[in-house]
Amino acid sequence: MSSLAVFGAGYAGLVTAAGFAELGHSVAIRDIDSEKIEALRALRAPFHEPGLDELLERNRQRLTFTLDAAEALSGAQFVFVCVGTPATYSGDADLSAVWTVLDELGEAGRDAVLVMKSTVPVGTGEKLRAGLDARGLDHVGYVACPEFLAEGSAVRDFLRPDRVVIGSFRNADGDRVEALHAGLDAPVVRTDVASAEMIKLAANAFLGTRISFINEIANVCELVGADVEQVAHGMGLDKRIGTRYLNAGIGFGGSCFPKDISFLKLLAGNSGYHFQLLNAVIEVNELQKRRLVSKLQKHLGSLRGKSIALLGLAFKPNTDDLREAPSIVLASRLLAEGADVRAWDPVADASSVLRGITFSDSALEAVRGADAAVIVTEWDELRDFARQEIRDAMRNPLVVDGRNLLDPVETAKAGFAYEGMGRPTSHFGGLPETEEPELPSEELPEPTP
Ligand code: UGA
């Protein structure tokens with residue numbers, strides 16, 4: 001069993017650390033945020049990730065948490081870099097946290113391998129290799145081992161990955177990192193460093209492209225009277241296409257897709273290539289969030305003074321992450337249109353990100369007196385949204401379903417007007433039949449002979 005140091009206790013770092021501890025390795029996690037380290041010492045994950053608390057608890061004997069780089073590095077055979085690489089103003093990757101790790105490596109053991117998990121532009125490994133050599137650390141190996149963990153399912157993704165990608169300059173370093181993954185049942189893809197870096201960016205960009213593609217198909221479906229859900233199902237059963245990442249909606253968010261697609265576009269541009277397709281992917285995604293505003297206007301006219309309930313704020317379900325969440329753009333657009341915005345999310349706390357909106361403790365409270373409810377995140381808690389209690393609470397029972405979560409027919413039957421993304425729309429046709437007043441018989445039209 002090996003000793004690992006993991007730098008960075010964010011989503012990727014913490015799940016990677018807990019996952020390797022589960023495989024039997026001993027792992028020291030180092031972060032510069034003292035509150036985070038305190039929480040972790042009490043075995044509390046500093047964010048919502050299903051299964052992570054249990055994984056930390058189960059492996060507590062093999063995990064240590066520290067603010068001190070030297071302490072984490074002492075005896076470490078592998079140093080995992082899991083620090084953030086946010087976008088700079090120019091949209092390029094800010095690699096300063098990665099370079100700081102290199103500066104702290106003085107204490108690294110003679111046989112240590114630096115393993116890059118953070119998402120970096122292609123060519124970064126080459127520069128970091130040179131940086132290691134310049135610091136007299138030529139004995140430290142370098143391996144690119146990109147992470148493919150999706151938030152909300154990160155623990156499962158670590159323990160049952162589709163593949164493990166290992167890019168190395170020296171085979172021996174790659175062999176050692178491959179051996180570290182023993183116990184995981186997954187194909188291992190061995191590559192050079194630049195290709196491993198590109199696999200990560202290309203995979204995220206391709207998934208984002210699929211989403212923008214199906215969103216454009218949805219937009220056309222609306223114009224020609226087709227249902228994108230049926231279209232995606234029929235397309236996806238073709239094994240060459242596959243069904244995943246074909247859910248039409250209000251577009252992708254999160255800390256990865258928007259940033260990585262922009263990294264790849266700029267990387268191509270900086271290398272002299274105009275990556276046209278990615279421009280469209282980004283633009284479609286941007287406009288998609290705003291389509292919800294037009295949908296609301298179609299039903300309600302001006303939104304000034306209208307009460308709109310946003311249901312779900314996180315960029316996707318099972319996470320409290322609000323980074324690049326479509327809800328933020330949507331809420332700002334609605335406020336700019338003069339709407340009175342209320343919001344509810346089961347776990348995400350947006351009070352420091354979104355100003356000028358009212359937060360509710362339940363979906364029911366958020367929709368009370370509302371002119372429309374917008375499903376922004378497909379939380380399981382919203383699956384039975386179309387019920388009488390909700391309809392009775394709303395001033396106008398209109399649901400704009402930004403994630404195609406609800407069944408349009410059932411929702412209409414329950415007395416709501418329904419508008420999804422790329423699906424047939426139903427208009428509110430009055431209260432259900434049983435409650436309709438009966439017409440006096442003399443007012444019934446004469447039967448035609
Ligand atoms: C993504 C990748 O899926 C991971 O493999 C990768 O490791 C990670 O980025 C990363 O680079 O760190 P994540 O951002 O956590 O993971 O979330 P996804 O589940 O991929 O969803 C991204 C966005 O796409 C969400 O806003 C989601 O709502 C949206 N989406 C996803 C759709 O709009 N339609 C779909 O069919 C699928």
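In this predicted model, helix α5 (residues 96–103) and helix α6 (residues 124–134) have axes that come within 10 Å and cross at roughly 30°. Angles under 35 degrees count as roughly parallel, so α5 is roughly parallel to α6. The crossing in which α5 passes α6 is right-handed. On the α5 side the contact is made by V98, W99 and L102, and on the α6 side by K127, L128, G131 and L132. Sorted by class, the residues of this contact between α5 and α6 are five nonpolar, one polar and one charged.

The loop that runs between α5 and β5 (113–116) contains A112. Is A112 buried or exposed? A112 has a relative accessibility of 1%, and therefore counts as buried. Apart from neighbours within four places in sequence, A112 is in contact with A76, Q77, H139, V140 and G141. A further residue to look at here is F78: A112 and F78 are 34 residues apart in sequence, yet their C-alpha atoms are 5.3 Å apart in space.

The view can now be widened to the protein chain as a whole. The chain has 16 helices and 14 strands. Its C-alpha trace spans about 100 × 45 × 40 Å along the principal axes. Of the 449 residues in the protein chain, 51% are buried. Among contacts with a separation of 6 or more, 71% are accounted for by residues 24 or more positions apart.

The contact of α11 with α12 has five nonpolar residues, one polar and one charged.

The crossing of α12 past α13 is right-handed. Residues E286, K289, R290, L292, V293 and L296 of α12 make the contact with P326, V329, L330, R333 and L334 of α13. How many nonpolar, polar and charged residues does the contact of α12 with α13 have? There are seven nonpolar residues, no polar ones and four charged ones.

The cysteines come last. A disulfide requires a pair of cysteine sulfur atoms within 2.5 Å, and by this rule the count is zero disulfides. C82 is in no disulfide, and the nearest cysteine sulfur, that of C145, is 9.4 Å away. Where do C82 and C221 stand in terms of burial? Buried means under 20% relative accessible area. C82 has a relative accessible area of 8%, so C82 is buried. C221, at 5% relative accessibility, therefore also counts as buried.

Notes: Residues numbered from 1 in each chain as written. Predicted model: local features only at pLDDT ≥ 70, side-chain atom pairs only at ≥ 80, totals over all residues. Heavy atoms only, no water. Buried < 20%, exposed > 50% of the residue type's maximum accessible area, 1.4 Å probe, protein only. Left-handed = near helix turned anticlockwise from the far one by under 90°. Helix = DSSP H or I, 4+ residues; strand = E, 2+ residues; numbered from the N terminus. Contact = heavy atoms within 4.5 Å. Nonpolar A, V, L, I, M, F, W, Y, C, P; charged D, E, K, R; others polar. Axes fitted to C-alpha atoms, helices over the stretch in contact; angles between N-to-C directions. Parallel < 35°, antiparallel > 145°, perpendicular 65-115°, else oblique.
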